[in-house]
Number of protein chains: 2
Amino acid sequence: MLVESRNVVLLVGGVGGAKLAAGLARVVPPEHLTIIVNTGDDFWHYGLRICPDLDTITYTLGGLVDRVNGWGIAGDTTATLDALGRLGEKPWFRLGDQDIATHLLRTSRLQAGESLTQVMAAITAALGVRCRVLPMADEPVATRVDTVEHGELDFQDYFVRHRWQPTVRALRLAGIEHATISAAVRHAVENADLIVIGPSNPWLSIQPILSVPGLRQLIAAQPVPRVAVTPIIGGQAVKGPTVKIMRELGYTVSLETVTGFYKGTINGFIVDAQDQGADFDDLQFSFFDTLMNSDEKRIALAEHLLSWTSDWIS
Amino acid sequence: MLVESRNVVLLVGGVGGAKLAAGLARVVPPEHLTIIVNTGDDFWHYGLRICPDLDTITYTLGGLVDRVNGWGIAGDTTATLDALGRLGEKPWFRLGDQDIATHLLRTSRLQAGESLTQVMAAITAALGVRCRVLPMADEPVATRVDTVEHGELDFQDYFVRHRWQPTVRALRLAGIEHATISAAVRHAVENADLIVIGPSNPWLSIQPILSVPGLRQLIAAQPVPRVAVTPIIGGQAVKGPTVKIMRELGYTVSLETVTGFYKGTINGFIVDAQDQGADFDDLQFSFFDTLMNSDEKRIALAEHLLSWTSDWIS
């Protein structure tokens, strides 16, 4: 295998994106890999600053992740959560004891004035993650979900407490107008040789990243392959509410809806092999098995991304 | 046994005071018992608001305390602490997983605008503690320890990290000028029929309480028995640095130093039976076995406090 010398930037949310991140981390040297992560899911809970997507990526790359759930730390216990129950609380967000350590360290460092980028650099370094795991922005942004049944909900309230069952009417990114492209994100994008949008939920996970003022434009301006990996296989989401939300927001459930959503941002698209026959104007596209249900398939998809895009320019 | 109908107020710090609190809680109906607790030891650690003395009292009265240490929750685990170690931290303050639940609940409620008095009322109620456990004040006060070896230290830095080994030159109560007598503390003191100062460290644990502006005067003005239980037995502290600090601050190690320190505040003193023969001007005093190394002896001391003081007035 040739050692990859291109700089690769991956945009992701949580569980699905983490699998592709893990694949890329196996085939791209860490100094050439940067993961830019959605922070719209971040929230405060019992005084802790919790960043679910950043932690899922970090635990996955650090080899700590609970592989059954795809998030959290393998073998984590819930003594604190159980004690909160004894104190009369009804915690609805699973806080593992080991996971709480991450939240405590992050919260205290943020309160001491460090940026989220700095904090995540320290946490990833401590866990042996050598590529860069960057928050999309250091300023807090909160995805709010306007639902038919309950009105506007905080993201985790919608996603975890209500198990994404309410009907989505609209999405809003509170605070996005104050978000800025960090120096680390700008450096990564401007020096990227390949930009990949992971198979994460376009509306819930990728939209917040692309909505950081100026970031979509900065990405679109890079004269390099900018490839999205399909979040839909055979008309279904692998996991989570991608298709449900697409429908509720009034879109047709189709690959064209996805490419339309990314129009102008991407110039390439990886379609699942199950969807053989699909065709896309103005995009390079490639069919591949995108269901990353093993380490081998994560690596295979990552290698395909590298080899396919090395061919097609310039 | 007669049901005690007097209102009893106990002033305490942590471990030693908790034993007397537990004894009193067995012989005084909860509606007649109020514990006023030192908060000068409170501190922030990894973004958590930690109140060691309030928690020691609460866990003891709730039957959760680790009886070997005298603090913390029996059987508590340290998964979070261990995970902080994996993140490169070297935590020096023992944070049990169940204990962290208390800190999380307190921190988040304080940040939501509740007073410490309100928060502790909720926590004690949830744990089945029916008497009142009141912080000496709702405003933050921090005991600072000026040491020969390291200069001024935060209290827990002195007490836990340095295991109270540095030589104390002076004590300072940062923020005490902003502390106020809460409505709950005022109500308890003004309605007290018996005020007890526990066998806690006079300088580290009781001094902060008595330094809340106006509180020493309010206590001294109550025409009721105001009794201190000796913190020294046979010239030794039962546990902790009482004698060491007394010496370092330039006092003679004696019971008279203790009564002198409380002069004007107390009108009675319980001396340990080992110190039979001691004599005190202007104070009622009584000899009793004050070493509370069993439940029976905690209860016996509490009963003695009640029966002895019921005789001597008025």
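This is a predicted model: local features need pLDDT of at least 70, side-chain atom pairs count only at pLDDT 80 or more; totals for chains, interfaces and linings use all residues.
Trainee: What makes chain A and chain B related as by a two-fold rotation axis?

Mentor: A rotation of 180° with 0.0 Å of shift along its axis superposes chain A on chain B, with an RMSD of 0.0 Å. Residues are numbered from 1 along each chain as its sequence is written, and chains are lettered from A and ligands numbered from 1 in the order in which they are written.

Trainee: Which residue of chain A comes closest to the rotation axis?

Mentor: Asp97(A), with its C-alpha at 3.4 Å.

Trainee: How do you know that the same surface serves both copies?

Mentor: Compare the contact residues. Two residues are in contact if their C-beta atoms, placed from the backbone, lie within 7 Å. The contact takes 23 residues from chain A and 23 residues from chain B. Of the contact residues of chain A, 100% recur in chain B.

Trainee: Which helices supply the side of chain A that touches chain B?

Mentor: α3 (79-86), α4 (97-111) and α5 (116-126) of chain A each supply at least two residues. The largest share, ten residues, comes from α4(A). Helices are DSSP runs of H or I, at least four residues, and strands are runs of E, at least two, numbered from the N terminus.

Trainee: How do the residues on that side of chain A divide?

Mentor: Into twelve nonpolar, nine polar and two charged. Ala, Val, Leu, Ile, Met, Phe, Trp, Tyr, Cys and Pro count as nonpolar, Asp, Glu, Lys and Arg as charged, and the others, Gly among them, as polar.

Trainee: Why are β7 and β8 of chain A said to stand at the edges?

Mentor: The open sheet has three strands in the order β7-β6-β8, with antiparallel pairing. Two strands pair if DSSP finds at least two bridges between them. β7 (151-154) and β8 (168-174) each have a single partner strand, so one side of each is left without a neighbour in the sheet.

Trainee: How many bridges join β6 of chain A to β8(A)?

Mentor: Six bridges join β6 (residues 142-147) to β8(A), and the two run antiparallel. Thr147(A) stands opposite Val168(A) in β8(A).

Trainee: What is the strand order in the chain B sheet?

Mentor: β7-β6-β8, again open and antiparallel. There, β6 and β7(B) pair over four bridges. Asp146(B) has Glu152(B) as its bridge partner in β7(B).

Methods:
Copies are superposed by least squares on the C-alpha atoms of residues with pLDDT of at least 70 in both.
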